[in-house]
Amino acid sequence: MANNFENPELFQQVAVLAAARYPFERSDAKLLAFSENATYLIFDPETNERLCVMRVGRPGYHTLEEYESEIAWLRQINDYTPLKVANPIPAEDGSYIQQVELEGTTYYCVATEFLTGTTLEQDDNPAAAPQHFEMLGEVTAYLHRQTEIWNGTKDIKRFHWDTENMIGENAIWGDWHAYPDMTDEEVAKIEQCCEIIKRRLDRYGKTPQNYGVIHADLRDTNILVEGDAIKVIDFDDFGFGWHVHDLASALTFIEERDEVPDLVNAWLTGYRKVLPFTDTDFVEIDTFILQRRIQMLAWMASHQDSTPVQGYMQGYMEGTMGLVDRYLRLFG
């Protein structure tokens, strides 16, 4: 995977060029986040009015068709669920995806409305975590239900978050073996887990009830709450995958904590308000959690020059090996 942080000034320039195609009297860009894409707040430099959020895609990560699929799903969610997502904003020519050419490279840019609210992550009260996860479960089920009944899912062009694409040698986010300073013993144990995960998920299978269009990163950082309104953001990773992967994603970076069983139960309580969650799904929760944990080894290996990622890496391997040893005791 290409390094995303080699030339941040270039992405800023692209965001400014893309914003100039919208009917704003004047605009400037402020970086909000840098991950698989660069996300900017587009604002009026005189009044500080927040005009939109502009996402500049990393070249080669998504195709034009994949961005069109995202816009199609966002519209469906706003129309057919009780959730709110950020509506795409058309440029002056009516188009929703801007192709900006700079230094011989094409960048795809999408502007969406700026959503107000507080992320669940910003609630500092640890006692509120189970309620947050119950809300996450319910929100996730609304999305799964919508995609199950929407005929348009057959036209979606996005990644498949299956085992090969998550933890295989040619995984979308890279090879987990590239994580720095792993010992031979750690590598051997993780490889053993990968074989078990593949075997179990091959048996679990892909059915219309357990596999479909998913958000794939539905964590507390990506839920905004404002009054009674629940808003979902950051659809950049959305694609096809197992529904239980959305539960595993909700636990990203905290999988080894003691409170995880309580958080899982809270998530399931919320999910079951909207859709069933079967015993067959339940027995694979540990498998999906470990698969996500290993997938993030690859992601961090390719993003380790980023300050936030360096923070995540503190203790990550120790926590991972605790989960690996437990998994091998359960299923090895």
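A salt bridge is taken here as a side-chain nitrogen of Lys or Arg within 4 Å of a carboxyl oxygen of Asp or Glu. This is a predicted model, in which local features need pLDDT of at least 70 and side-chain atom pairs count only at pLDDT 80 or more, while totals for chains, interfaces and linings use all residues. Residues are numbered from 1 along each chain as its sequence is written, and side-chain values use heavy atoms, with hydrogens and water left out.

A search of the whole structure finds 22 salt bridges. One of them joins Asp44 to Arg26, with the closest N and O atoms 2.8 Å apart. Asp44 sits in the loop between strand S2 (37–43) and strand S3 (50–57), whereas Arg26 belongs to the loop between helix H1 (8–19) and strand S1 (28–34), so that distant parts of the chain, 18 residues apart, are linked (helices, H or I of at least four residues, and strands, E of at least two, are DSSP runs numbered from the N terminus). Asp44 is buried at a relative accessible area of 7%, and Arg26 is partly exposed at 25%, where buried means under 20% relative accessible area, exposed over 50%, and partly exposed in between, with a 1.4 Å probe and protein chains only. Both residues also belong to a network of salt bridges that links Glu25, Arg26, Asp44 and Glu46.

A further salt bridge pairs Arg293 with Glu255, their closest N and O atoms being 2.7 Å apart. Because Arg293 lies in helix H9 and Glu255 in the loop between H6 and helix H7 (260–271), this pair ties together parts that are 38 residues apart in sequence. Both Arg293 and Glu255 are buried. Helix H6 (residues 243–250) is itself mostly covered, eight of its eight residues being buried, among them His243, Asp246 and Ala250.

His303 counts as buried because its relative accessibility is 0%.
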